[in-house]
Amino acid sequence: MDSKASEDVKISDLWMEFKDNGPLRIIAFFFITAFAMMSIGNAAGAYFINSNMHGTAAELSIFMALGSLPSFIFMPLVPAIKKAIGKKNMFYVFLGCAIVGMVMLYIIAKMDEPSMTWIFIAQFIKSTGVIVATGYMWALVPEVISYGEWKSGKRIAGIVNALTGIFFKAGMTLGGIVAPAVLAYVAYDKDSIQQSPLAEEGILWLVCVIPAALLLLAMFIISKYELTDEKIDQINKEIEQRSMNK
């Protein structure tokens with residue numbers, strides 16, 4: 001942006017950009033939902049292994065490590081996956097994959113003799129879906145910046161990034177409220193290894209049920225995102241043409 005255009009950027013643009021930029025509102029709600037889901041699920045992971053599965057410290061370490069391992073395997077493949085199935089379909093596939101993993105965790109944990117091996121497999125499936133979907137959502141930020149410039153003539157990347165920062169912090173804050181509230185409601189006893197059936201069910205809701213419900217909501221939200229790769233290419237060409245005509 002040239003100095004003349006920079007002088008026209010105001011604090012009020014923060015609100016105006018959110019009001020006028022439809023794709024920005026979509027990713028705002030997606031960010032809030034995604035980060036709330038991650039905050040709730042991550043907070044309950046240790047409770048799940050310790051209280052529901054009665055796992056060892058080593059098994060807890062493996063469970064938590066499997067929450068990150070898929071990033072090293074699948075994130076490098078994201079461009080090829082997106083090219084093969086498209087942007088929206090990639091979100092649907094991997095958000096769905098995460099939900100499948102959460103359903104598996106719930107079913108396995110409710111078995112009379114749950115297998116820790118299958119718990120690890122379910123955790124890997126869930127984490128693959130979560131990592132790819134929430135990792136790729138950051139690639140949408142430059143798209144909404146370009147859309148805002150195309151619509152208003154101002155490239156206010158700082159304002160859009162500030163707004164996305166507010167969104168993901170709001171989601172994490174929401175998640176930080178839900179987990180303690182549920183544990184308090186089900187009377188989780190932090191000083192006891194053996195929890196009541198209600199407390200164990202509450203932990204399962206935090207690990208599986210509430211995050212899965214949030215992912216379903218996230219799938220609905222992202223279905224409203226209308227900036228295709230073709231549309232973004234057209235927008236960028238028009239922005240470049242405007243600059244050349246000045």
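The model is predicted, so local features are taken only at pLDDT of at least 70 and side-chain atom pairs only at pLDDT 80 or more, while totals for chains, interfaces and linings use all residues. Numbering runs from 1 along each chain as its sequence is written, and side-chain values use heavy atoms, with hydrogens and water left out.

The protein has twelve helices and zero strands, where helices (H or I, at least four residues) and strands (E, at least two) are DSSP runs numbered from the N terminus. Its C-alpha atoms fill a box of roughly 70 × 40 × 25 Å along the principal axes. The accessible surface comes to about 12700 Å², with 66% of it belonging to carbon and sulfur atoms; areas come from the Shrake-Rupley method with a 1.4 Å probe, and for residues only the protein chains shown count as cover. Of the 246 residues, 44% are buried. Buried here is under 20% relative accessible area, exposed is over 50%, and partly exposed lies in between (1.4 Å probe, protein chains only). For contacts (heavy atoms within 4.5 Å), residues 24 or more positions apart account for 80% of those with a separation of 6 or more.

Then there is the inside. The largest nonpolar core holds 71 residues, and Phe30, Phe48, Phe91 and Ile119 touch the most other members; such a core is a set of buried Ala, Val, Leu, Ile, Met, Phe, Trp, Tyr and Cys residues joined through side-chain atoms within 4.5 Å. Helix 3 (residues 22-52) supplies the largest share of this core, 15 residues. Leaving aside residues up to four places away in sequence, Ile119 touches Phe48, Ile49, Met53, Phe63, Leu105, Ile108 and Ala109.

An α-helix has 3.6 residues a turn, so residues three or four places apart point the same way. After helix 6 comes Gly86, with a positive phi near 95°.

Helix 5 (residues 69-74) contains Leu69, which is partly exposed at a relative accessible area of 38%.
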